[in-house]
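Work through the exercises below with the model in view. Try each task before you read its solution.

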Amino acid sequence: MKRSDLVIIGAGPAGMAAATTAAEHGLSVTLLDEQSRPGGQIYRDVDRAVEKRGGILGPDFGHGRTLTRALRESAVEHVTGAVVWSIEDGFRISYTKGGRAAQVAADRILLATGALERPMPVPGWTLPGVMTAGAAQILLKQSGVIARRAVLVGSGPLLYLIAAQMVRAGTPPLALVETQSRADLRRAARHAGGALRGWPYLAKGLKLMAEIARARVPRFTGATDIAIEGAGRAETVSFRSGGKSRRLVCDTVLLHHGVVPNTQAARSIGVAHRWNATQAAFSPVVDRWGITGVEGVYIAGDGAGIGGAEVAEVAGRLASLQIAAEAGRLSEAERDRLAAPLFRKKARDMAIRPFLDAAFPPATEALLPEDKTIICRCEEVTAGDIRRYAQMGSLGPNQTKAFGRPGMGPCQGRYCGLTVTAILSEANGQTPDETGYFRIRPPLKPVTLGELAAMETPQQDAAE
Amino acid sequence: MKTDSAFLELEDSPRVAVWFDGAELELPEGANLAAALLAAGVGVFRHTPVSSEPRGPFCMMGACFDCLVEIDGIVRQACMTEVVEGLRVSRPHGTGGEHEAE
Ligand code: FES
C-alpha cells in the first residue's frame, strides 16, 4: 500500500492550499478528491470555466486558478475521481476510483470536505426541478447549463451571486423569494462594526444586488408558507409576503438558506462535534490550527465551521504549517512567523460573518417543518413521523432508526440529519447537543462488490 | 428535445450518441451526465423505491443520490459520471437504498 506523510481529503480551497503548503515543507502528500478536476464546489472546474465563462462567473471565482496552478506545480499527488468510503485507524484510507477500490496509508489526515447546503425541507422540495442554489452554480460553472425559468427561494448571499450570474448570462431568474425579514436586518445592524471591517465583502454584495435590481428581477422578502407544487415536477412556488399570498409559475426552483459543515468523514472517525448556535449547525471541535481531539486528524475549511472560500484557503495553509511543525519539518518559531499574517487575514475575512449570520438567518419553517413535509428524501420520512418517534420515546436520531429509516438511505443523513436533530430537540425539550446526531459509519459512500473485488489484494501489499 | 428543456446550454460542443431509457440523445462529449441530461430535457431520473415518486438531480455534488441512474447494470450517480459515446443509461428499477442493481 502506498504511504504518505499526509493524506488530504477534498480539493477545494482548503485542501488545495493545504496540500501545496505541506509539499513545500517537504511532506509527501496525497490529495484525494471526488471530482475529475481540482477546485472543490466553490471553484468547480475553475480552469476550464474561467476560459469559457469567466465574465459571467466573476473575478472571485477566477481566484481559484491561483490555487489549481500552485497545485499543478507542486509535488502533491492529486488523485482525481477518488471517492473515499472509509478511514481506519493508523491511518488507512479506502476509496474507489474508476470502478476499483484502492487504499492509501498516512501518518496524518487533513479533512477538507467543505460544506453542504443546509437542508431546506419545504412542501414539494423533492419534486424534479427543485435543486439547491449550489447545484445551479455547479451546473453553470462546470457545464455552462442554466435554468431558463427559475425562482430562487431562501436567504443568504449565495442567492444574490447566482441571481447576478444568471442576469449576466442573459437568463435572469423570474424572482427572488427571500425568507429573511426587515427585523433580521435590524438585528444585523448591531454587527455593523464587523460589517464595516468586512467592507469589501459587503460592497461586493451591494453590487450584486444592484445588478439584480437593474435587471428588474422581482424580490419578495419575509416570505413564509413556502410550498412547491406540480404534477410530477415543479411548476409553481406559492408563499406569503407583505401580507399577500402569491403563486409564481416556473420550471425550476433553487433553494438555499445557508451552508453547513460536511461532517460525515470527521464523525466516522470519532471527532467530537458541538452545536454552533450562531451558524445553527454542528461543527467539529478544532483549535485554531485545525487540530481535532483525534490524534493525527486535522480539519480545515468550511468543514470545520463556515467561513467561505478565502477563510478556507488560509485555514488549509495554517493546518499544514502545524502538521509540518509536528513532523519536524519546521521549527515552532518558523511556523509562528509564517502563520502570523495568515491569522490576521483570517480574522479580517471572518469579521463579516456575525453580520451575515444575523441578516440571513435560516428559514424557521424549514428548520422545523410542518408534519406532512418529507424531511428524509431517501426514505421519504416526514417531519410528523419524527415527531411520532419522539412521542414513542426517541430521544436521539439513532433511536429513530428503530421506528423508521430516516438517515438510512444512500445519502446517510446528509440532507436530513440536522432536521432530525432539530425536530427531536424541540419535541423532547433538549438542546441539539443533548439530542446529538446520526452515528456515521463506513462506507461513507456506497461501494459495490465489483469495486471491492477489483481492489489490490493484501498479498500484493505484503510483497510491496 | 432541446426546446422542451428547462435548461439552456450557453455553449455548443461536439456531441456523441447516448441512450436514455431507449431514446437516443446527442450529448456533449465529456460533459457531466446529469447536466447533459437536464439540458436535453430529461427531468425525471428515477422513481423512489418507497412510493415511486419521481426524482431528479438535487445537489449536483454527489451528496443527495437523487440523480441515480443505471448504467451497465450498476446504479450510479449521474452527477458523478461523464458522458462517453454509446453510454446506455436507464432509470433504475426498484433500487435506491442499494447501490448494486439486481
Ligand atoms: S444530484 Fe445529488 S448526488 Fe447527484
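**Exercise 1.** Find how many residues of domain 1 of chain A are in contact with domain 2 of chain A.

Solution.
- Start with the contact count: 16 residues of domain 1 of chain A touch 10 residues of domain 2 of chain A. Contact means heavy atoms within 4.5 Å.
- Next, locate the parts. Domain 1 of chain A covers 3-116 + 260-330, and domain 2 covers 119-257. These bounds come from an automatic or database domain assignment.
- The model is predicted: local features need pLDDT of at least 70, side-chain atom pairs count only at pLDDT 80 or more, and totals for chains, interfaces and linings use all residues. Residues are numbered from 1 along each chain as its sequence is written.

**Exercise 2.** State the area that the two domains bury between them.

Solution.
- Domain 1 and domain 2 of chain A bury about 1,100 Å². Buried area is the accessible area (1.4 Å probe) that two parts lose on being put together, summed over both.
- Carbon and sulfur atoms hold 51% of that area.
- Now look at the domain 1 side. Arg44(A), Arg53(A) and Ile56(A) supply 47% of the area it buries against domain 2 of chain A, more than any other three residues.

**Exercise 3.** Which residues form the salt bridge, and how far apart are the closest N and O atoms?

Solution.
- Count: one salt bridge between domain 1 and domain 2 of chain A. The rule asks for a side-chain nitrogen of Lys or Arg within 4 Å of a carboxyl oxygen of Asp or Glu.
- Partners: Asp60(A) pairs with Lys204(A), with the closest N and O atoms 3.2 Å apart.

Methods: Chains lettered and ligands numbered in written order. Heavy atoms only, no water.
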